[in-house]
Amino acid sequence: MKVGVSNLAIYIPPLYLSHDDLADFRSVPRDKFRLGLGNNNMAIVPPWEDTVTMAANAADMALEDGGIEKDDIGLLIVSTETGVDQSKPVASYVQGLLGIGPRTRVYEIKHACYGGTAGIMSAIDWAKSNHHGGKKALVITTDIARYGLNTPGEPTQGAGSVALIVSGQAELIHFSPSLNAFYSEDVLDFWRPNGYSVPIVDGKYSIECYLKALEFCTGDLRRNIAQETGKSLLSYIDYFIYHLPFAKMANKAHHRLISSLDLRVSEKELERIFEESFQKKVVPTLRGAKEVGNIYTGSVYMGLISLMEEAGRDLEGKSVGVFSYGSGCGAEYFPAYIGEGIRKQVKYLNFAEQLKRRRKIDFQEYTGLYSQSKRKETLNPDDALRNKNEFSRHFFLGIKDHKRMYV
Ligand code: HMG
């Protein structure tokens with residue numbers, strides 16, 4: 001039995017705002033966002049999309065590309081920290097839109113940005129059990145990262161969804177759970193109390209918490225790898241994927257990783273090791289963070305898709321170190337091994353195509369959409385359906401009688 005991920009797909013919204021435009025209107029030097037945060041553009045959600053439709057769009061692609069029937073799904077998990085209801089899970093809305101049948105275990109997971117990894121690891125355990133009846137799991141990460149206007153978090157917004165099929169006959173990604181490293185602690189670095197539409201953030205502290213969790217996990221992962229394989233972390237891992245609230249976080253994280261390896265070399269040599277490994281093993285994973293922004297639960301999986309598109313079939317046989325962090329906080333650092341399924345997967349990766357097709361909006365449209373997200377009136381289905389294409393098939397029409405409506 002080869003339990004793992006058999007295929008995956010990403011959906012990103014069709015609008016974006018450039019960080020240069022945002023910087024100009026906020027009277028901030030453009031280099032602060034471009035170099036200080038490392039970002040170029042961020043995804044903006046139009047009024048006819050939400051957390052649910054993005055999830056259903058990504059899932060549609062994953063099911064179709066994998067040739068998977070709705071009846072093949074026995075477990076549907078949606079991981080999100082921007083759910084649309086305190087009780088009804090996003091997963092139930094998605095089940096309805098996809099037409100997945102009633103003999104399915106369906107639920108939502110929340111643990112800030114770590115929720116996506118929690119969902120995948122739960123699905124892996126399920127696929128290894130005797131309870132799946134030969135069926136597959138559909139795990140979807142979906143989020144809209146939104147901060148207050150004119151706050152430090154504003155340039156780190158983004159939105160998107162990643163859908164992954166977990167099965168017992170997976171050829172794309174395998175895991176070795178005995179190596180995985182964990183860290184969790186009760187901290188208030190980033191949180192969104194009930195009733196708040198944007199999070200409360202202690203930005204600098206959140207970076208400290210992230211780096212503390214990374215350093216702790218690196219120590220355990222390093223030891224686990226050495227015990228099981230006799231290899232060093234740097235020789236064992238071919239690519240490093242970090243949770244990326246903004247692209248420059250990758251520099252901070254990789255610096256912390258290299259300096260925590262206890263390499264006993266000069267400062268200059270340490271900097272050379274960092275630079276070499278960063279260019280080769282981290283840069284190919286950054287496209288999503290730079291062009292889409294933070295997609296919370298799906299951030300590391302968008303990094304994986306960025307890498308797949310960049311490296312293509314050469315990724316076969318490679319091991320990828322994935323560091324997943326969620327505020328609050330919870331973290332898991334795990335190796336993922338790319339198998340021969342990459343040969344087929346690269347034919348279906350359309351991330352670059354979706355990025356190319358997006359429409360750039362200006363600052364006025366951005367602020368208009370931001371306030372419109374609290375709108376009361378419902379959309380005409382025909383107006384929403386005008387936006388239909390091979391990536392977008394599900395549309396949010398608004399709320400009537402306290403009920404969310406979709407087409
Ligand atoms: P800020 O106030 O923009 O910080 O907040 P800053 O003034 O220190 O500037 C940022 C960087 O730009 C600095 O670089 C400056 O030097 C540089 P650094 O020292 O960090 O390397 N800079 C410039 N560079 C070039 N030219 C210039 C220039 N000016 C300044 N002219 C912060 C930044 C990330 C804190 C803010 O955006 C924020 O609060 N973001 C939201 C929270 C966040 O992203 N936290 C990250 C870790 S926690 C996490 O990842 C979890 C999360 O995804 C949520 C979840 O789990 O659900 C967020």
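The model is predicted: local features need pLDDT of at least 70, side-chain atom pairs count only at pLDDT 80 or more, and totals for chains, interfaces and linings use all residues. Residues are numbered from 1 along each chain as its sequence is written, and side-chain values use heavy atoms, with hydrogens and water left out.

**Stop 1: helix H8**

Select residues 249–259, which form H8. Helices (H or I, at least four residues) and strands (E, at least two) are DSSP runs, numbered from the N terminus. Colour Met249, Ala250, Ala253, His254, Leu257 and Ile258, which are buried (under 20% relative accessible area, with exposed over 50% and partly exposed in between; 1.4 Å probe, protein chains only). Now look down the axis of H8: the buried residues fall within an arc of 155°, so they line one face of the helix. The arc is taken from the directions from the helix axis to the C-beta atoms.

Next, show what covers these residues: the cover includes helices H6 (203–229), H7 (233–236) and H9 (267–281), and strands S12 (239–242) and S14 (330–338).

**Stop 2: H6 against H8**

On the H6 side, select Ile207, Tyr210, Leu211, Lys212, Leu214, Glu215 and Thr218; on the H8 side, Met249, Lys252, Ala253, Arg256 and Leu257. These residues make the contact (heavy atoms within 4.5 Å).

**Stop 3: H9 against H8**

Ala250, Asn251, His254, His255, Ile258 and Ser259 of H8 meet Leu270, Glu271, Ile273, Phe274, Ser277 and Phe278 of H9.

**Stop 4: the cysteines**

How many disulfides are there? The count is zero, a disulfide being a pair of cysteine sulfur atoms within 2.5 Å. Select cysteine 209: its sulfur is 5.8 Å from the closest cysteine sulfur, in cysteine 329, too far for a bond. Cysteine 217 is in no disulfide either, and the nearest cysteine sulfur, that of cysteine 329, is 9.1 Å away. Cysteine 209 is buried, with a relative accessible area of 6%; cysteine 217 is buried, at 0%.
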